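Student: Hi! I've just opened this one and would like a hand finding my way around. Can we start with how the chains meet?

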Amino acid sequence: MSWRRLLVRVERRLSSRGFSLLRDALVLLFLLIFVVGPPLSIFLLVLRSWGEVYQTVFADPFFAQIGQGALRWNMIQRGLLRSFEIAAVVTFIDVLIGLPMALILARYDFRGKRLVDTLVDLPMAVPTAALGFSLYLFWGSIDGIGGLLGLEGGLFSRGPLLIILTHVAFSYPYIVRSLKEIIESVDQTLEHAARTLGAPPFTVFRTVTAPLIKSGLLAGSILCFTRSLGETGATLIVAGAFYTAPLLVVEYRQLLMIPPAAFLSMILVSISAFLLALLRFSAERFGLPIKEAWPRAERLLSGRAQRHLRDLMTFSFFVLLILIPSSFIFTYLIRWWGGSPYIGNPNLGAFYQVFLAPDKKWPALQSSIITSFKVAALATGVNILAGLPMAFLLVRKNLGRLRGLLDALVDIPLTVPTSALGFSFFLFWGTKGLNLLGPGFWMVVLVHIGFTYPYVVRPLTAVVEGLDPHLEEAARTLGAPPLTVFRTVILPSMREGILAAAIMAFTRSLGETGATIVVMGLSRTVPVLIVQWVESLALPAAAFACVLLIAISLTLLLILRYVLGWE
Amino acid sequence: MGGSEEMPDVRLVNVTKRYGRVIAVEGLNLHVRDGEYFVLLGPSGCGKTTTLRIIAGLTKPDEGRVYIDGRDVSGIPPEDRNIGLVFQHFEIFPFMTVYENVAYSLMIQGLDEEEIERRVYQALEVAGLNEVADRYPEELGAPELQRCSIARALAKGSRLLLLDEPLGSLDPETRERFRFTLRSLVKGRGLTAIHVTHDQEEAMAIADRIAVFRRGRVLQVGTPMELYERPASIFVANFVGETNFLEGVIERSGERSLVRLRGDLLIEAGGSNLRAGSRVVIGVRRENILLEEGKAEGLNALPGRVIRAAFLGKIIRYRVELDNGDLVEVKQPTRLGRFFGEGERVYLIFPAEKVLVYPYPEDLRYELALR
């Protein structure tokens, strides 16, 4: 009897109803324990230690002496308010400069379009800490635009303005991508019809196109807002003394002030859940009224010259605000490689700092690269194994209403600010929760499993939805039990999709900063190292680490593009 | 296992399948005999594909049972029903070569390499695909893919072959040629075949017996000749072959009945047990009518005027307006050597035996619809 026959026999057994129920149960259990449990459990934990939380946040005895019992509550409120304001400004700017770019990419064809398309994605490919550092160098240090303008320091110092610029840069690709997709899905013949009815292009856009894309616009805006709200890694670098809510979580954690950190994390998780619900349920009901027309004004705005001007401005904004600052770090590194470009001292150069200085940065960097890779590989591997059956469960099982709920649960790690997410894992697995782990390598792995889960499940779900069920039926009629069909027909069809999901998750894990800092203990991943070196003012060394990390991420994403062909 | 292993028969008993409030198949009773080439024929949405899928085990019926070779297969999954299925869109595995596709079922069965090779090449030979064994599906055209799909099902060795619109994705000439290939493949191996199609010409050419489906029910089961000569309902008469329908009233019934059409035109039909005075619809096949200049002895003759003549090579299609205003279409073979021009007066000649008589239905439009 051949091994093949044996394998098929085993697969026939494992295809039985009992086993598939078991498999579904395990998949849901995984979701509950490793992905959704920690952020949701924070409510329980806060409630359980409410006394402690109340005291430290609202009625701290130490600060009460100076009449500031609710000092921490004020700080938390301030942090939240700042985060919201920044997120709102960032979303507004991103939509303003991103929408025209999305229009250009969706509608026009020009030489170099592919290049622009790839460049627009650049901030997504750059790990957030590296992006933050690059932007800080460009806007906030004398080596950047400040020096060019003859200032003594940077154009912007660390603080809210710099945070806004940073968030605008890394949310930009998200807005452009989601708007581009939605614009592409609009039937252009509708717009042509409007033109034949006498409406100039601008009016067509406002009255015909905009209503058709409103759900995508809203979705993109909420996504943008949520990302800005939750960003930690880059913000850590560019905030300076200014703090936002996610940064406050990191600070409390580092000072081992667990109750306020837990409280704030709980608030952030609630806000994210609310935004997620908003995203899902209100996208259709939002309206862009204004049915009037102002033909003369809008005809003026539609002229060819005006369009060219608008396109020019769109590109300029993109290049000046996004592209150049994001890639500035390369310039910086080149300048500072051998030594200081101002006084020539080689000890201040990147090469010296990393390789020759006595504090052994190069071995630290090497080991952090290995750690980053180990974490990413483990997180990706586990999530492919757990995410694949989840994708099938979501698509193939008749879930009805439950599908929406399950989809939302899977997406939770995407919306929760990374530091709060990390903190919830810290509590869940640590001494206040299940008491199974302390901060360190394995907790980092668990956190990365949690937050890369949606990055694996979502694309896999799309792949499964695109599978041809008739192919599987053909295999069944040829004698193959369901599990054998999975192994011999479905998996080969999904090869590229699985690889794409794996690369995306791996890259995200490599670049993660906020959550890792909260749970890392003594382990260091590369982004964390970058933050450390920036804080200790070893800027050229940090730049070197950034460039290395960016190079690795870009290579992986290029492989991803290659694997998917060119869409 | 009951019955002979050689040629399985298939029996459906009271099979019903609903999708929400839509009834796909209702109270279906069917018996396909050993070694038959059986065709399920009907318009889109009539339930024929659902029936095939129920036999294959890809769809579970809400009620009823399915017996293959005497065995109740109701709880048995498709992989264990010992069937071969040829799909409309081929469903060839794109990431495997032709050889690997055809070998798939044998690989599942765990046979030796040599045995697999022997059976695969045998199937490829029969299907005429020896040259392309190592090619990938994307390199092949539709006819070759269809043959690959058949070879793959045949290689499995099952004695029951199910075919879902197997010729649907081919161009018309290939389709016609393939009919004969399919039938000879099936008959040559002594298989039982159940073939689904909406093409009545295909069904007539290829089947031993045909089941005509409409809206989830079987209207008639019979040989092609039976369906053609004695269609049981207006729908079957209309769907299978081309028929003219005229309204009338039974003037006299008996062994030879007399029917009065509109405008007081009288024709003779065969025997009918409908009473005198009943409203009827009579049908005559377009090819059973002859156009003549004058009446003919002992045959029906309806006077009219040619209003359109179309020369189509083998046949000429005429549209004739009868003196009572009804319109009739006639197909004349060109080799008769006669040609009538537009505006000419003619007589439509046809024998009484070729007249089909049906009681006037409640909803004539519905009966005449081809869905």
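Tutor: Between chain A and chain B the count is four salt bridges, a salt bridge being a side-chain nitrogen of Lys or Arg within 4 Å of a carboxyl oxygen of Asp or Glu. Keep in mind that this is a predicted model, where local features need pLDDT of at least 70, side-chain atom pairs count only at pLDDT 80 or more, and totals for chains, interfaces and linings use all residues. Residues are numbered from 1 along each chain as its sequence is written, chains are lettered from A and ligands numbered from 1 in the order in which they are written, and side-chain values use heavy atoms, with hydrogens and water left out.

Student: Which side chains meet in a salt bridge at 3.3 Å, N to O?

Tutor: Arg4(A) and Glu113(B) do. Side chains of opposite charge can pair when their charged atoms come close.

Student: And which helices of chain A touch chain B?

Tutor: Helix H1 (3-14), helix H23 (469-477) and helix H24 (482-511) each supply at least two residues of that side of chain A. Helices here are DSSP runs of H or I with at least four residues, strands are runs of E with at least two, and both are numbered from the N terminus.

Student: How many residues does the contact take from each chain?

Tutor: It takes 24 from chain A and 26 from chain B, with contact meaning heavy atoms within 4.5 Å. About 2,100 Å² is buried between the two chains, and carbon and sulfur atoms give 61% of that. Buried area is the accessible area (1.4 Å probe) that two parts lose on being put together, summed over both. Arg4(A), Thr477(A) and Leu478(A) supply 34% of what chain A buries against chain B, more than any other three residues.

Student: New topic: how many cavities of 30 Å³ or more are there?

Tutor: The search of the whole structure finds four. On a 1 Å grid over the protein atoms alone, a cavity is a set of points where a 1.4 Å probe fits but cannot get out, and lining residues have an atom within 4 Å of a point. The largest cavity holds about 50 Å³ of space, and its lining includes Ser83(A), His167(A) and Glu231(A).

Student: Which helices supply that lining?

Tutor: Helix H5 (71-107), helix H10 (160-184) and helix H12 (201-230) of chain A each supply at least two residues.

Student: Back to salt bridges: how many over all chains?

Tutor: There are 47. In one of them, Glu191(A) pairs with Arg107(A), the closest N and O atoms being 2.9 Å apart. Glu191(A) lies in helix H11 (residues 188-196) of chain A and Arg107(A) in helix H5 of chain A, so the pair ties together parts that are 84 residues apart in sequence.

How values were computed: On a 1 Å grid over the protein atoms alone, a cavity is a set of points where a 1.4 Å probe fits but cannot get out, and a pocket is an open set with protein on both sides within 12 Å along at least five of seven lines; lining residues have an atom within 4 Å of a point. Grid points are joined across faces, edges and corners, and a volume is the space filled by probe spheres set on the points.
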